[in-house]
Amino acid sequence: MVWSIPLGELAGALAVSFTAGASTTALAAPPVQRPVGSRPTLPDAPPVTAPPVSDPSEDPSPPTLPPVEPPPASGPFVVAPAEPPAPPRTEALPPASVQAGDDELAPIADGKEAPLRNSDRLLRPTDHRRFFSLSAGGATSSSPIASYYGGSGMDFQAELAVGSHSKRRPTLGGAFIFQYRKGFATEVTLGGRVQWDKPLSKAFALYSATDLSLGLNIPLGYGGYFYPSVPNAIVSLGWGLKAVLANRLLLFFKPVGPGLVAPAYSQIFIKFRWEVGGGIGIVW
């Protein structure tokens with residue numbers, strides 16, 4: 001038969017029996033009785049109340065933000081020194097490239113052409129070597145028959161010249177010439193010419209032109225009649241001034257032009273001749 005004795009009572013009795021002989025003053029612990037099948041109850045927690053929600057429309061002032069401090073600099077702030085302004089550049093005008101015949105351009109500073117005024121641009125040196133010119137003027141008669149009948153007056157003379165300056169020696173040039181003279185005698189001359197153009201200025205296309213011509217003079221008629229005669233040999237020396245405008249237009253004047261004529265007659269003699277004229281042309 002099994003008795004139902006509570007475990008707490010049994011444990012208390014055993015504890016009293018073991019401690020009774022050891023100490024008479026010790027008191028036995030009262031039995032602890034706990035209700036079977038019940039849980040301890042905790043005190044009620046205070047109710048949690050949510051904070052009141054403020055209406056943004058009721059508070060007209062905007063929220064203030066905390067000041068933002070800049071991050072500390074990693075190093076000292078160094079300001080680069082400003083470069084001093086460059087001094088104004090004064091470019092000299094390019095010197096003359098010799099004359100209408102030079103194949104080298106005028107010197108250029110710093111890869112850029114120097115600014116030119118209108119007057120300087122009009123007479124600036126040119127690098128063009130080839131030229132074509134037409135001139136008109138007068139010349140004494142080269143035929144002894146014309147001198148005998150027509151006197152020593154000046155005949156009208158027109159000249160055409162086409163040539164070029166040397167590539168290695170720009171001051172030197174050569175040309176083919178054709179001359180037509182009309183007076184008592186009508187004559188044409190075919191020949192060649194060597195000329196030397198010396199620059200008078202380094203900034204302007206002005207030149208002193210000296211030439212030496214050698215040709216064959218062919219009389220075609222006298223007194224308005226067609227009557228070809230034996231050709232004559234002619235050699236002449238000339239001097240004048242020349243200018244090139246706007247890098248294209250050629251102007252020249254030749255007041256000095258002495259020459260010698262050698263007619264091929266039975267009595268060989270030499271006649272003096274003088275030419276003067278001026279003209280216009282182009283260079284390219």
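## Elements and fold

Strands are DSSP runs of E of at least two residues, and helices are runs of H or I of at least four, both numbered from the N terminus. In this predicted model, the chain holds three helices and 10 strands, which follow one another along the sequence in the pattern α-α-β-α-β-β-β-β-β-β-β-β-β.

Of the 284 residues of the chain, 28% count as buried. The accessible surface comes to about 20,100 Å², and carbon and sulfur atoms account for 67% of that surface. Among the contacts in the chain with a separation of 6 or more, 58% are between residues 24 or more positions apart.

## Loop between strand 7 and strand 8

Strand 7 covers residues 232-245 and strand 8 covers residues 249-256, and alanine 246 has its place in the loop between these two strands. Most residues other than glycine have a negative phi. Alanine 246, however, is a residue other than glycine with a positive phi, near 55°. With a relative accessibility of 46%, alanine 246 counts as partly exposed, because that class lies between the limits of under 20% for buried and over 50% for exposed.

Asparagine 247 is placed in the loop between strand 7 and strand 8 as well, and although asparagine 247 is not a glycine, its phi is positive, at about 65°. Its relative accessible area of 23% makes asparagine 247 partly exposed.

## Aromatic pairs and a charge over a ring

By the ring-centre rule of 6.5 Å, the count comes to three aromatic pairs. One of them joins phenylalanine 184 and tyrosine 222, whose ring centres are 6.5 Å apart and whose planes stand at 45°, a tilted arrangement. This pair links distant parts of the chain, since phenylalanine 184 belongs to the loop between strand 3 (172-182) and strand 4 (185-199), while tyrosine 222 belongs to strand 5 (residues 206-222), 38 residues apart. Tyrosine 222 also pairs with tyrosine 227, and this pair is tilted because the planes stand at 55°, with the ring centres 6.2 Å apart. Phe184, Tyr222 and Tyr227 form one aromatic cluster.

Elsewhere, the charged end of lysine 242 sits over the ring of phenylalanine 131, at 5.6 Å from the ring centre.

## Cavities and their lining

The structure holds three cavities of 30 Å³ or more, and the largest cavity has a volume of about 330 Å³. The largest cavity is lined by 27 residues, of which Glu159, Arg193, Asp211, Phe252 and Lys254 are the closest to its centre.

Several strands take part in this lining: strand 1 (130-140), strand 2 (154-165), strand 4, strand 5, strand 7, strand 8 and strand 10 (271-283) each supply at least two residues. Strand 1 gives the most to the lining of the largest cavity, with six residues.

Lysine 271 lies in strand 10, and with a relative accessible area of 22% lysine 271 is partly exposed, since the limit for buried is under 20%. Its C-alpha atom is 8.5 Å from that of glycine 259, a residue 12 positions away from lysine 271 in sequence.

Technical notes. Residues are numbered from 1 along each chain as its sequence is written. This is a predicted model: local features need pLDDT of at least 70, side-chain atom pairs count only at pLDDT 80 or more; totals for chains, interfaces and linings use all residues. Side-chain values use heavy atoms; hydrogens and water are left out. Rings of Phe, Tyr and Trp (its six-membered ring) pair if their centres lie within 6.5 Å; planes under 30 degrees apart count as stacked, over 60 as edge-to-face and the rest as tilted. A charge sits over a ring if NZ of Lys or CZ of Arg is within 6 Å of the ring centre and within 35 degrees of the ring normal. Buried means under 20% relative accessible area, exposed over 50%, partly exposed in between (1.4 Å probe, protein chains only). Contact means heavy atoms within 4.5 Å. Accessible areas come from the Shrake-Rupley method with a 1.4 Å probe; for residues, only the protein chains shown count as cover. On a 1 Å grid over the protein atoms alone, a cavity is a set of points where a 1.4 Å probe fits but cannot get out, and a pocket is an open set with protein on both sides within 12 Å along at least five of seven lines; lining residues have an atom within 4 Å of a point. Grid points are joined across faces, edges and corners, and a volume is the space filled by probe spheres set on the points.
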